[in-house]
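I opened the notebook today to look up a handful of things in this model. Here is what I checked, in the order I went.

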Amino acid sequence: MAEQIIFIVVVLTAGYVFFNRVRFVVNNIRLGKKLKIDDHPGARFRNLLLIAFGQKKMFKRPVPAILNLFVYVGFLVINIEVLEFVIDGITGSHRVFSSYLGSFYTVLMNVFEFLAVGVLVSCIFFLIRRNILKIRRFWMYEMTRWPRLDANVILITEIALMVAILTMNAADQVLQNTHRGYPETGRLFFSSVLTPLFSSVEPSNLVVIERFAWWFHILGILGFAVYITYSKHLHIFMAFPNTWFAKLEPKGRMNNMPVITGEVKSMLGLSDAPPAPAEGGRFGAKDVNDLSWNMLMGAYTCTECGRCTAACPANQTGKKLSPRKIMMDTRDRMEDVGKSLKTGGPGLNDGKTLLNDYITKEEINACTSCHACVEACPVMINPLEIIMELRRFVTMEESGAPAAWNSMYQNIETNFAPWKFSPGDRFNWSKD
C-alpha cells in the first residue's frame with residue numbers, strides 16, 4: 001500500500017508540473033496577435049497525416065529519417081505500455097494486461113522490445129553524429145552549450161529508458177520461473193538474450209533489480225514528459241498543431257498588410273476598400289506581441305535541427321542570418337516575457353524588444369526571401385514570416401532600410417521598376 005501511495009503522489013506531482021508548464025507555454029503563445037485559421041480543413045488534415053504523423057519531409061535524407069522514425073514510433077507505441085505501468089502502480093498488480101490479452105500480450109511485448117532496440121540503436125547513432133562526427137549544422141554559432149547539452153540529455157535519457165525496459169523484462173523472465181506472483185508473458189525475444197546475466201542471481205535480489213528497473217522507467221517517463229516542456233523536444237507535441245495551422249498558400253506568395261492594402265484601395269477610389277482602423281496599428285513587428293500567435297507557436301515547435309539554416313543561401317555565403325536562430329530567439333523572448341509576467345514584472349515593458357536585443361538588423365537584412373528555410377523545415381515552420389514582419393517595421397516605422405533599398409523603393413515608386421530610368425526608355429536597349 002505504501003508503494004501505491006508513493007506512486008500516486010509522484011504521478012499527481014508530475015501531472016501538476018506538466019500542466020502548469022503547458023499553461024505557461026500557451027499563455028506565451030497568446031501574446032501574439034489573434035488570427036483566425038479555419039480554411040481548407042481537408043488540406044490541413046492531409047498535412048497533419050503526411051507531415052506530422054508520416055514525417056514525409058524528413059525522408060529527403062533517408063538514413064536519419066528512418067532512424068528518427070524508429071524513435072518517433074517507439075515513443076508513441078512503447079508509451080502504450082505506460083498505461084499498464086500506471087494501472088499496476090495504482091492497483092498494486094503486476095502486468096495486469098497479460099491475463100486479459102493472453103498470447104497477444106506476448107506479441108505486443110515483442111513489438112515493444114523491437115522498437116525499444118530500434119530506439120536504442122538510433123539514439124546511439126544520433127549521439128555519434130552530434131558529438132563524434134560533429135555534423136556542421138549541430139555546431140553553428142547559435143548552438144551554444146545549452147542547446148547541445150539539451151539534445152544529448154534527451155538522447156541519453158531515451159537510451160537509459162530503453163535499457164531499463166529490457167532489464168526489467170529480462171529479470172521478469174527469470175522470476176516467472178522462480179518466484180510466485182509473476183504471470184507468464186511468453187518468450188520475449190530481445191530481453192531473453194539478457195536472461196543469462198540474471199540466471200545465477202538470488203530471487204530476492206532479482207526482485208530488487210526488476211522493481212528498480214520498473215520504477216526507473218516510470219519515473220524516467222514522467223520526468224521526460226516534464227522536461228520536454230522546457231526543451232526543444234516540445235516539438236514532439238507541437239508538430240501536430242503547427243502542421244495543421246501552417247500556411248497553405250504557395251511559398252512565394254507574401255501576405256500583404258491589410259491596413260496598407262485598404263489605404264491604397266481607398267486612394268484609388270475602389271469600392272471594396274475596407275474602412276480605416278479606429279486606432280493606427282504598428283507596421284510590421286518590433287516585439288513578439290506584434291507577431292501572430294501561429295508564428296509564436298512555430299517558435300515553440302522548432303526542434304533546432306538546423307535544416308533551415310543548412311539550406312539558407314545567405315548563411316552559406318557567410319552572412320549572420322540563421323533561420324534556426326530566428327526561431328530560437330523568438331522563443332527566448334517569449335520565455336523571458338512570460339517569466340516576467342508570471343512574477344508580476346514589467347513583461348513586454350522591460351526595456352527590451354525582439355528586434356535589436358535578440359535579433360539584429362544585420363540578420364534580417366541578409367534574408368533573400370527565397371523560402372529555402374520554409375521548404376527545408378520538416379514540420380512546416382516559417383521563419384521567413386517573422387523576418388519579413390521585422391523588416392517591415394524597420395522600413396516603414398523607422399525608415400531604417402539600407403540606402404540601396406531606399407533607392408530601389410524610390411525608383412519603383414517613380415519609374416515602376418528598380419532601375420533609375422523612365423518607363424519610356426526601358427526598351428532602348430533593343431535599338432542597337
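**Nonpolar patch.** I looked up where the nonpolar patch sits: helix 5 (98–101) and helix 6 (103–131) each supply at least two of its residues. Helices here are DSSP runs of H or I of at least four residues, strands are runs of E of at least two, and both are numbered from the N terminus. Helix 6 gives the largest share, 3 residues. The members are Y100, L101, F104, V107 and V111, with about 510 Å² of accessible area together. For such a patch, residues need over 30% relative accessible area and no salt bridge; nonpolar side chains (Val, Leu, Ile, Met, Phe, Trp, Tyr) are joined within 5 Å, like charges within 9 Å. Areas come from the Shrake-Rupley method with a 1.4 Å probe, and for residues only the protein chains shown count as cover. I picked out V107, which is in helix 6, and noted it as partly exposed at 47% relative accessibility. My scale is buried under 20% relative accessible area, exposed over 50%, and partly exposed in between (1.4 Å probe, protein chains only).

**Ground rules.** This is a predicted model, so I keep in mind that local features need pLDDT of at least 70 and side-chain atom pairs count only at pLDDT 80 or more, while totals for chains, interfaces and linings use all residues. Residues are numbered from 1 along each chain as its sequence is written, and side-chain values use heavy atoms, with hydrogens and water left out.

**Whole chain.** I found 20 helices and 0 strands. The C-alpha atoms fill a box of roughly 95 × 55 × 40 Å along the principal axes. Of the 432 residues, 46% count as buried. Among contacts (heavy atoms within 4.5 Å) between residues at least 6 apart in sequence, 75% join residues at least 24 apart.

**Salt bridges.** How many salt bridges does the structure hold? I get 16, taking a side-chain nitrogen of Lys or Arg within 4 Å of a carboxyl oxygen of Asp or Glu. K60 and E375 meet at 2.6 Å, N to O. K60 lies in the loop between helix 2 (41–53) and helix 3 (62–78) and E375 in helix 18 (residues 372–376), so this pair ties together parts 315 residues apart in sequence. K60 is partly exposed at 49%, and E375 is partly exposed at 34%. R333 pairs with D287, the closest N and O atoms being 2.9 Å apart, and both residues are buried.

**Cysteines.** I looked for disulfides (cysteine sulfur atoms within 2.5 Å) and the structure holds 0. C370 is in no disulfide either, with the nearest cysteine sulfur, in C312, 6.3 Å away. C305 is buried at 17% relative accessibility, whereas C370 is partly exposed at 43%.

**Two last checks.** S191 lies in helix 8 (residues 189–192) and is buried at 0% relative accessibility. Leaving out residues up to four places away in sequence, S191 touches E113, L166, N169, A170 and Q173. For helix 20 (residues 403–415), the 13 residues should span 18 Å at 1.5 Å a residue, and the end C-alpha atoms are 18 Å apart, which agrees. The expected span is 1.5 Å times one less than the number of residues. F416 follows helix 20 and has a positive phi, near 65 degrees.
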